[in-house]
Amino acid sequence: MKIKLLGSAFISFILIMMALLLYYQFLINPGINENVPLPQELHPTVQQNKETLIQKAADKGIRVIVTDGFRSVQDQDNLYEKGRSADGSIVTHAKGGESFHNFGLAIDFALLTPEGKAIWDTAYDGNGNAQSDWLEVVAIAKDLGFEWGGDWTHFKDYPHLEMRFGLSINDLKRGKRPPEDSLTASQK
């Protein structure tokens, strides 16, 4: 009888703790604030650092093209379908509203050959200095405050650069936005 009563008390205790944990999660992560509009372009700091990245790479003899920047939720959903319900290979694991591109905080890049062809060859050494142009661009980007998708452990996204401003996707979905005049984007 004592064991049965003890088991019931333990189950009640676990249920109460779970309820408290869920309530705590609600308090620190309230629902989505739909009154905050989604951005329609790159954040000004991301835009400025994108231009600086292109110029600094050019100073090293590396031509960079930004192949993607701000992406609408619909564009992100279309990209997500590649390799799933649409032809092609999987290029993203982020659905619409789950990418830093959707909040104007990410860009994708490629290198340009002397003929003007975009390439995604991470070993290419077009400037002839015995270093990967790709990794030289990544180093410049990191110095500017970008985080690189090639550093991710679960899904390497080598062309991807993002600035988080200390915010998570959940923060952004809930209406938080980086200030327009942010001096740094690499706050973690």
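Helices and strands here are DSSP runs, numbered from the N terminus: a helix has at least four residues, a strand at least two. The model is predicted.

**Overall layout**

The chain holds 5 helices and 5 strands. Along the sequence they follow the pattern α-α-β-α-β-β-α-β-β-α. Some totals for the chain come next.

| Property of the chain | Value |
|---|---|
| Buried residues, as a share of 188 residues | 35% |
| Contacts joining residues at least 24 apart, among those at least 6 apart in sequence | 60% |
| Accessible surface | about 11700 Å² |
| Share of that surface belonging to carbon and sulfur atoms | 58% |

**Helix α3**

Helix α3 covers residues 73-81. Which of its residues are buried? They are Q76, L79 and Y80. Viewed down the axis of α3, these buried residues fall within an arc of 100 degrees, so they line one face of the helix. An α-helix has 3.6 residues a turn, so residues three or four places apart point the same way. Just after α3 comes G83, with a positive phi of about 80 degrees.

**Around G149**

Now look at a loop. G149 sits between β4 (147-148) and β5 (160-162). Is G149 buried or exposed? Its relative accessible area is 0%. Buried means under 20%, so G149 counts as buried. What does G149 touch, leaving out residues up to four places away in sequence? Its contacts are F155, K156, D157 and H160. G149 can also be compared with E162 in sequence and in space. The two are 13 residues apart in sequence, and their C-alpha atoms are 7.9 Å apart.

Note on methods:
Residues numbered from 1 in each chain as written. Predicted model: local features only at pLDDT ≥ 70, side-chain atom pairs only at ≥ 80, totals over all residues. Heavy atoms only, no water. Buried < 20%, exposed > 50% of the residue type's maximum accessible area, 1.4 Å probe, protein only. Arc of directions from axis to C-beta. Contact = heavy atoms within 4.5 Å. Areas by Shrake-Rupley, 256 points an atom, 1.4 Å probe, with all protein chains shown as cover.
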